[in-house]
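Welcome! Please take a look at the sequence and the structure, and then we will walk through a few features together.

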Amino acid sequence: MFNRLFRLSSYSAATLVLVILAAIFGVLYYYARDAIHDFGFWHFITTSTWEVGEDDEGGVFGGLIPILGTLFSTGIAMLFAVPIAMGIAVFLTEISPEKLKAPVGIAIELLAAIPSIIYGMWGLFYFGPILQKLFGGQSNSLLTAGLVLGIMVIPFMAAISRDAINTTPSVLKESAYAMGATRFEVVKDVIFPYAKRGIIGSMILSLGRALGETMAVAFVIGGVFRFPHSLTQPTISIPVLLANNFAEAGDLELSAMFYMALILFGISFITITIAKFFFLKDQK
Amino acid sequence: MNATQRRRLLLNRLILILSTAAAVIGLAFLFWILTTLLIKGIDSIHWRIFTHDLVEKGLRNLIVGQMVLAGVASLIGVPLGLLAGIYLREYGVNSAFARFIRNLSDVMMSAPSIVIGVFIYGILVAPVGGFNGWAGSVALAIMMIPIVVSTTDSMLSLVPQELREAGIALGASKAQVILSIVLKAAKIGLVTGILLAFARVVGETAPLLFTSANNDYFTLNMDQQFPSLTVSIYQLATFPDKPSQNLAWAGSVILTALVLLINLTTRYIFRKRKIK
């Protein structure tokens, strides 16, 4: 009797994962349906106006600017983070003296655990003003947001890539060295091909993190509904729009916010699914 | 040495230098952030912030509130995550359903935290008519579940099959085998996973912004808006006055110290086990 009950409850808990994911899509869609009905899909994602109508009723809402803000900031973050994270991963596995490997590795893992709000605050008070001095424009800008986001995902990406690189059998590396290959050639022709899936998987997982990140960006992107004509101008991203304006939104605007959340969830769901099914498949 | 060899060696040296430089740059940024925190921490932490609430420029109610939110989230999320993980490893194993749930759980682990906040607003704030502590805790619990599922799943897979067979040979039921043999064998790994999941959600801000929101006063009543350290840091840091900003830094340092402490503890526990 207890045996059956236990099996049933653990089965229910496992099913709950599916139920929650379905419920997230369902609830977001339910609240977004007014906005979906009024603005459609293509029209919504290609409109750059976000204006509440008179007396706080109705209005015109389009997601173009936050969608672009999200994609651009994530793009900058990845351009910045990928080479550095790869450098750290290669350094930790192939270059670093044995004594340094453990402490640097642990430091990287600890940094991946620091709450993202800390990165955001550091960007607001220290990094942003320095970027402004170097590149002009404003201290809270698309560039600052992208770079802070990049710095935030570096430890995460580096740690997973390092683990992927570490799975390369040393026999393979040693045979390449025995043939007279240089260290770079071993990394390029033996390690990267072998650990390719894990490394690309780590990049896509980091991409997913960057896309949905709120707090590291909220402090430094400026949060204004404007198309940035240069990298050093402020703009807004989907998570920041939600974080700043959700609580005060009126009826139709709130519905448009849920629509934005649904689109963000869709984008991140697709990204992660791709990472899981194409690149990280054989890891478990 | 011919030209090709020279080129290969040169390229090799160049790439190794670039790679080391990348590592140094990356670590320098991260070191910069930690030093900033440390300096700001020494600057802004006084005993009085632990004994006063936000209304009196202290952090007491916020620290307690954040711990309560994450604690209640653990009470909801940990049992569910453990049960689901047990199902995946002990009953489902490699069935299509188990593999499907395992993948979904990994996808859920990467869901944007703000979206989870929006979702909880839809089911626990809008219908009730106001922000409340329960909504915040449930949002954090949803973030915890996939983390606990994943660690439980992999920790149970480390338990040798012979232990289960020995239990069955003694006539124990499957539930008895799981509860009194498998879970005991995997105990340390499971505790580590739970601690890490707690550390992960205790520093979250986005899922709390419009679920439990914030409260300037001390309260333990989860039916009301609930004090949150992270939400307060977000608000205080954007105020123009220095005292508010310093309070935000103090909060950040305390939060980081807590998260790093939990991480180091789990590392210590885990290593101790390996030595045995």
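In this predicted model, chain A and chain B touch each other, with 64 residues of chain A and 67 residues of chain B taking part in the contact.

**Where the chains meet**
- On the side of chain B that touches chain A, the elements giving two or more residues include α1 (3-44), α3 (60-92), α6 (133-157) and α11 (242-275) of chain B.
- The most residues on this side come from α1(B), which gives 18.
- Sorted by class, the side of chain B that touches chain A has 46 nonpolar, 18 polar and three charged residues.

**Helix α3 of chain A**
- At A:Ala81, α3(A) bends by about 30°, and the proline A:Pro83 follows within four residues.
- Is α3(A) mostly covered or mostly uncovered? It is mostly covered, as 23 of its 32 residues are buried.

**The domains of chain B**
- The domain assignment of chain B gives domain 1 (1-44) and domain 2 (48-275).
- Taken over C-alpha atoms, the centres of domain 1 and domain 2 of chain B are separated by 34 Å.
- Five residues of domain 1 of chain B are in contact with six residues of domain 2 of chain B.
- The side of domain 1 of chain B that touches domain 2 of chain B consists of one nonpolar, two polar and two charged residues.

Key. Residues are numbered from 1 along each chain as its sequence is written. Chains are lettered from A and ligands numbered from 1 in the order in which they are written. This is a predicted model: local features need pLDDT of at least 70, side-chain atom pairs count only at pLDDT 80 or more; totals for chains, interfaces and linings use all residues. Two residues are in contact if their C-beta atoms, placed from the backbone, lie within 7 Å. Ala, Val, Leu, Ile, Met, Phe, Trp, Tyr, Cys and Pro count as nonpolar, Asp, Glu, Lys and Arg as charged, and the others, Gly among them, as polar. The bend at a residue is the angle between axes fitted to the seven residues ending there and the seven starting there. A residue is buried if 20 or more other C-beta atoms lie within 10 Å of its own, exposed if 12 or fewer, and partly exposed in between; C-beta atoms are placed from the backbone. Domain bounds come from an automatic or database domain assignment.
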